[in-house]
Amino acid sequence: MKKFNQDDHLEERQLTEDESRILDQLGLFGESRRRFMTKISAAGLSLFATPFFTSEVFGKAPKQELPTNNEAMLNEIQVRLRVNNSTKPLSIDSRTTLLDALRQRLQLTGTKKGCDHGQCGACTVIIDGKRKLSCLTLAASCKDKEITTIEGLANDDELHAMQAAFLKHDGFQCGYCTPGQICSSVALLQEAKNGEASYVTEDFKNIRQNIELSEEEIRERMSGNICRCGAYNNIVQAIQEVQSGTETKPKWEFATAEQMQKAKAKS
């Protein structure tokens, strides 16, 4: 803020309007201001300025235009994704998540973006037979891996058994979490087939293949998939039916005309 001349006398440089206003608000005038200026740099003064900036100052748009050439801001890489038995070559930013690559670049919008923080499970896909959260997975890390999304489960017009079971048992309501729920359920059955334990597995020393999943096991293994509508009971029943191969009657049914009339009369 100041400099020494050849006579070792301190000369105060011309302060800007903002700097003068800051010092005024700090209560520094005359000799006290000069003493203060000998001990502080311009960078230090900016720290004192921070509490005096208003939201209006921070809210002002910068006068300098941002660069319009997006390529200058990208770390572009080439990646070939194997998705639903089809290879897709892509040019993407190295930081692109698998979720964004699927939805924005490949138009596979069945995979949903929910929390985008790996907490809700709506973005679950299957990678090399394992369920993964695509919002936490970099697309570049999926090179040479087999990716299956909700669009890849059905065989043309024939639904996957898990999809059919979700429909039968009303394992969805708004449907937003359903793609992740179904992908997770399909991978879950493979985990049980492989004999992979969960936190509620009773005997870790004698893990066997083809684990018959209890309701407790299913709820624990599906705990990473959140359903705000609360269709959990029906989801559990759908998974149990697919694993057992035994058809069970849904726990819900359509209201009869008589029941509808009674409901209207009470309202």
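**A walk through the predicted model**

In this predicted model, 33% of the 267 residues in the protein chain are buried.

Visitor: Happy to be here! How many helices and strands are there in the protein chain?
Guide: Welcome! Among contacts between residues at least 6 apart in sequence, 50% join residues at least 24 apart. As for the elements themselves, the protein chain has 10 helices and 7 strands.

Visitor: Let's start with α5. Which residues in helix α5 are buried?
Guide: Helix α5 spans residues 98-105. Its buried residues are covered by elements including β3 (76-83), β4 (86-93), β5 (124-127) and β7. The residues under that cover are Leu 98, Leu 99, Asp 100, Ala 101 and Leu 102.

Visitor: Is Ser 134 buried or exposed?
Guide: Ser 134 sits in the loop between β6 (130-133) and β7. Setting aside neighbours within four places in sequence, Ser 134 contacts Thr 97, Leu 98, Leu 99, Thr 111, Cys 123 and Val 125. Its relative accessible area is 0%, and the cut-off for buried is under 20%, so Ser 134 is buried.

Visitor: Thr 149 is in a loop as well. Which side chain does the side chain of Thr 149 join in a polar contact?
Guide: Thr 149 belongs to the loop between β7 (146-148) and α6, and with 0% relative accessibility it counts as buried. Beyond its neighbours within four places in sequence, Thr 149 is in contact with Val 83, Asn 84, Leu 102, Leu 108, Thr 111, Val 125 and Cys 183. The polar contact, at 2.6 Å, is with the side chain of Glu 151.

Visitor: Now for helix packing. How are α6 and α9 oriented to each other?
Guide: Helix α6 covers residues 161-168 and helix α9 covers residues 232-244, with their axes 9 Å apart. They pack at an angle of about 140°, and the crossing is right-handed. Angles over 145 degrees would count as roughly antiparallel, so α6 and α9 are oblique.

Visitor: What kinds of residues make up the contact of α6 with α9?
Guide: On the α6 side you will find Ala 161, Met 162, Ala 165, Phe 166 and Lys 168, and these meet Ile 235, Ala 238, Ile 239, Glu 241 and Val 242 in α9. Sorted by type, they come to 8 nonpolar, no polar and 2 charged.

Visitor: How far apart are the axes of α7 and α9?
Guide: Helix α7 takes in residues 178-194 and packs against α9 at an angle of about 45°, so the two are oblique to each other. Their crossing is right-handed. The axes are 11 Å apart.

Visitor: And how do the residues of the contact of α7 with α9 divide?
Guide: Gln 181, Ser 185, Leu 188, Leu 189 and Ala 192 in α7 meet Ile 235, Ile 239, Val 242 and Gln 243 in α9. By type, these residues are 6 nonpolar, 3 polar and no charged.

Visitor: One last stop. What distance separates the C-alpha atoms of Pro 250 and Lys 168?
Guide: Pro 250 lies in the loop between α9 and α10 (257-266) and is partly exposed, with a relative accessible area of 22%. Not counting residues up to four places away in sequence, Pro 250 touches Lys 168, His 169 and Gln 237. Pro 250 and Lys 168 are 82 residues apart along the chain, and their C-alpha atoms are separated by 7.0 Å.

Terms used:
Residues are numbered from 1 along each chain as its sequence is written. This is a predicted model: local features need pLDDT of at least 70, side-chain atom pairs count only at pLDDT 80 or more; totals for chains, interfaces and linings use all residues. Side-chain values use heavy atoms; hydrogens and water are left out. Axes are lines fitted to C-alpha atoms, for helices over the stretch in contact, and angles run from 0 to 180 degrees between N-to-C directions. Helices (H or I, at least four residues) and strands (E, at least two) are DSSP runs, numbered from the N terminus. Angles under 35 degrees count as roughly parallel, over 145 as roughly antiparallel, 65 to 115 as roughly perpendicular and the rest as oblique. A crossing is left-handed if the near helix is turned anticlockwise from the far one by less than a right angle, and right-handed if clockwise. Contact means heavy atoms within 4.5 Å. Ala, Val, Leu, Ile, Met, Phe, Trp, Tyr, Cys and Pro count as nonpolar, Asp, Glu, Lys and Arg as charged, and the others, Gly among them, as polar. Buried means under 20% relative accessible area, exposed over 50%, partly exposed in between (1.4 Å probe, protein chains only). A polar contact is a pair of N or O atoms within 3.5 Å; within protein, one must be able to donate a hydrogen and the other to accept it, and residues adjacent in sequence count only if both atoms are side-chain atoms.
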